[in-house]
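Grab your viewer and work through the exercises below. Each one gives a task, then a solution in steps.

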Amino acid sequence: MRKFCAAFILIAFLFIGFASHAAEQEGISPSDVAGEPSVFCKVLKAPDPALLGGWQGVHNRFISKKSEFEPDPVQFWLKKVDDKYAIYFYRSKAAGGGKVYRGWREWTINGDEITSDTGVKLFTKNGDVFFSWEAGAKEEPTKLAPIPGSK
């Protein structure tokens, strides 16, 4: 019985550790955007208020070598600090445990769109929020949904 209890406790600790590690590694959490951002956006025109807060979705990225689409989880959180704006961005090349892009970014805000020098564009259209990537000629913009608890 002792061996069974010891094994059960060990398995429980491993499961809890794995689950908490996985939760820490995926997406944006409120602690990521707490406090002072490390960089701020260049603002040409104040952002559409719909862009504020956290947004998420899964973008279907076209892989030309494979001639197929792969899902990339995408999230961003636009935060106003005094009279400045900061954006925390997260994207994961999910297929095959690919690269993760995460952190504060110095992008350009121009009213209803936010752009990066890498071709990423976040924008509003008819009250909805979208993600697109210039490099993906075969990709449709991805409609995003609010991150729970961010609005």
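A charge sits over a ring if NZ of Lys or CZ of Arg is within 6 Å of the ring centre and within 35 degrees of the ring normal. Keep in mind that this is a predicted model.

**Exercise 1. Charges over rings**

Task: find what lies over the face of phenylalanine 123, and which ring the charged end of arginine 91 sits over.

Solution. Start with phenylalanine 123: lysine 121 lies over its face, 5.1 Å from the ring centre. Next, take arginine 91: its charged end sits over the ring of tryptophan 133, at 5.2 Å from the centre.

**Exercise 2. Confidence check**

Task: work out what the mean pLDDT of the protein is, and over which residues pLDDT is below 50.

Solution. The mean comes to 81, with 78% of the residues at 70 or more. The stretch to flag is residues 3–25, where pLDDT is below 50. Beyond near neighbours in sequence, that stretch has three contacts in the model.

**Exercise 3. Trace the sheets**

Task: give the strand order of the open sheet of five strands, then do likewise for the open sheet of six.

Solution. Step one: the five-stranded sheet reads E5-E4-E3-E2-E11, with antiparallel pairing. Its edge strands are E5 (100–105) and E11 (145–146), each pairing on one side only.

Strand E3 (residues 68–81) and strand E4 (residues 84–92) are joined by eight bridges and run antiparallel. Across from lysine 80 you'll see tyrosine 85 in E4.

Step three: the six-stranded sheet goes E1-E6-E7-E8-E9-E10, and here the pairing is mixed. Strands E1 (42–45) and E10 (142–143) stand at the edges with a single partner strand each, so one side of each has no neighbour in the sheet.

Step four: E7 (residues 113–115) pairs with E8 in the antiparallel sense over three bridges. Isoleucine 114 faces leucine 122 of E8 there.

**Exercise 4. Classify the ring pairs**

Task: a search of the whole structure finds four aromatic pairs. Pick two and decide whether each is stacked, tilted or edge-to-face.

Solution. Take tyrosine 88 and tryptophan 104. Their ring centres are 5.2 Å apart and their planes are at 85°; over 60 degrees counts as edge-to-face, so that's the label. The partners come from strands E4 and E5, 16 residues apart in the chain. Both are buried: tyrosine 88 has a relative accessible area of 7%, tryptophan 104 one of 14%.

Now phenylalanine 89 and tryptophan 107. With centres 4.9 Å apart and planes at 55°, the pair is tilted. Phenylalanine 89 belongs to strand E4, while tryptophan 107 is in the loop between E5 and strand E6 (108–110), 18 residues away. Phenylalanine 89 is buried at 3% relative accessible area, and tryptophan 107 counts as buried at 7%. Ring pairs also bring in Phe131, giving a cluster of Phe89, Trp107 and Phe131.

Notes:
Residues numbered from 1 in each chain as written. Predicted model: local features only at pLDDT ≥ 70, side-chain atom pairs only at ≥ 80, totals over all residues. Heavy atoms only, no water. Pairing = 2+ DSSP bridges. Helix = DSSP H or I, 4+ residues; strand = E, 2+ residues; numbered from the N terminus. Phe/Tyr/Trp six-rings, centres within 6.5 Å; stacked < 30°, edge-to-face > 60°. Buried < 20%, exposed > 50% of the residue type's maximum accessible area, 1.4 Å probe, protein only. pLDDT = per-residue confidence, 0-100. Contact = heavy atoms within 4.5 Å.
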